[in-house]
Amino acid sequence: MSLTRKFFVGGNWKMNGNRDSIDKIVSGLNKTEINPETDVVVAPPSIYLEHVKRSVQDKIKVAAQNCYKESKGAFTGEISPAMIKDIGLNWVIIGHSERRHVFGESNELIGEKVAHALSEGLSVIACIGEQLSEREAGNTNQVVFEQTEAISKHIKDWSKVVLAYEPVWAIGTGKVATPDQAQEVHSDLRKWLSDNLSVDVALSTRIIYGGSVNAANCKDLAKQPDIDGFLVGGASLKPEFSEIINARQ
């Protein structure tokens, strides 16, 4: 973990929760002591975005889980960056593996969505990651580099982007990349940024890890020099999320 990159912990609630359970999660978060050198962003389902924004303390930011590449129009079921901004939010997750592999979003579309979100003034958690078959075939770097390239060609200001490496085989499975496995990919990604963009971008961009992160493994992962935080799924719905937030303490 770099001393120059602020630790970042995101909570992706996915399609989970109701008003009662969300109020309990928010109550726990509001009681959590958070180091000022840690950014915390939670992403509830879109129907609860305003409710969470009103009830969570300012020390925690709120993100949408997705957005489209247009500002308005006949796109049933989608929300736009302009709408996200309109309710006072500044973050969005784009390119999560479930968007890629359940809903069929391509690298090209994800790049276009990142471009539009940034142009509208949002900060983006941009997700990348390989499937198990790709890792077993030795193609992890090829896959994540291609995904990163599709995103990076649309980015001018990397201070508005957090890159989230989430190996698909570790998401929600209980399997987790070992600290060494995760560090290896993060290090290779940082080298890719250095070789293809600039040393400054490589050194300043936060690369966070996602994939069955929990209270038991977060501290060992957080010790790795190129892991700058986490994007947490299921555990972000539980009290242990507070421990993950403070993993570097």
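Biologist: Which kind of crossing is made where α5 passes α7?

Modeller: In this predicted model, the crossing of α5 past α7 is right-handed. A crossing gets that name when the near helix is turned clockwise from the far one by less than a right angle.

Biologist: What angle and what distance describe the packing of helix α5 and helix α7?

Modeller: Helix α5 covers residues 107-119 and helix α7 covers residues 140-152. They pack at an angle of about 35°, and their axes are 8 Å apart.

Biologist: Which residues in α5 and α7 meet?

Modeller: From α5 come Asn107, Ile110, Gly111 and Val114. The residues they meet in α7 are Glu146, Gln147, Ala150 and Ile151. By class, this contact of α5 with α7 has four nonpolar residues, three polar ones and one charged one. Gly is counted as polar in this scheme.

Biologist: How many aromatic pairs does the structure hold?

Modeller: There are five aromatic pairs in the structure.

Biologist: Why is the pair of Phe8 and Trp91 called tilted?

Modeller: Planes under 30 degrees apart count as stacked and planes over 60 as edge-to-face, with the rest called tilted. The planes of Phe8 and Trp91 stand at 55°, so the pair is tilted. The ring centres are 5.3 Å apart, and the limit for a pair is 6.5 Å.

Biologist: Which parts of the chain does that pair link?

Modeller: Distant ones: Phe8 is in strand β1 (residues 7-12) and Trp91 is in strand β4 (residues 91-94), 83 residues apart. Both Phe8 and Trp91 are buried.

Biologist: What sits over the ring of Phe103?

Modeller: The charged end of Arg99 does, at 4.1 Å from the ring centre. The distance limit for a charge over a ring is 6 Å, with a further limit on the angle to the ring normal.

Biologist: What is said of the phi of Lys14?

Modeller: Lys14 has a positive phi of about 55°, although Lys14 is not a glycine. Lys14 lies in the loop between β1 and α1.

Biologist: Why does Lys14 count as buried?

Modeller: The relative accessible area of Lys14 is 19%. Buried means under 20%, so Lys14 falls in that class.

Biologist: Which value does phi of Ser212 take, and where is Ser212 placed?

Modeller: Phi of Ser212 is near 60°, again a positive value in a residue other than glycine. Ser212 is placed in the loop between β7 and α10. Its relative accessible area of 19% makes it buried.

Biologist: Does Gly73 count as buried or exposed, and on what value?

Modeller: Exposed means over 50% relative accessible area. Gly73 has 61%, so Gly73 counts as exposed. Gly73 has its place in the loop between β3 and α3. From Gly73 to Asp20 it is 53 residues in sequence and 33 Å in space, C-alpha to C-alpha.

Biologist: Why is Ser97 called buried?

Modeller: Ser97 has a relative accessible area of 11%, so Ser97 is buried under the 20% limit. Ser97 is found in helix α4 (residues 97-101). Its contacts, leaving aside neighbours within four places in sequence, are Val102, Val168 and Ile171.

Notes. Residues numbered from 1 in each chain as written. Predicted model: local features only at pLDDT ≥ 70, side-chain atom pairs only at ≥ 80, totals over all residues. Heavy atoms only, no water. Axes fitted to C-alpha atoms, helices over the stretch in contact; angles between N-to-C directions. Helix = DSSP H or I, 4+ residues; strand = E, 2+ residues; numbered from the N terminus. Contact = heavy atoms within 4.5 Å. Phe/Tyr/Trp six-rings, centres within 6.5 Å; stacked < 30°, edge-to-face > 60°. Buried < 20%, exposed > 50% of the residue type's maximum accessible area, 1.4 Å probe, protein only. Lys NZ or Arg CZ within 6 Å of the ring centre and 35° of its normal.
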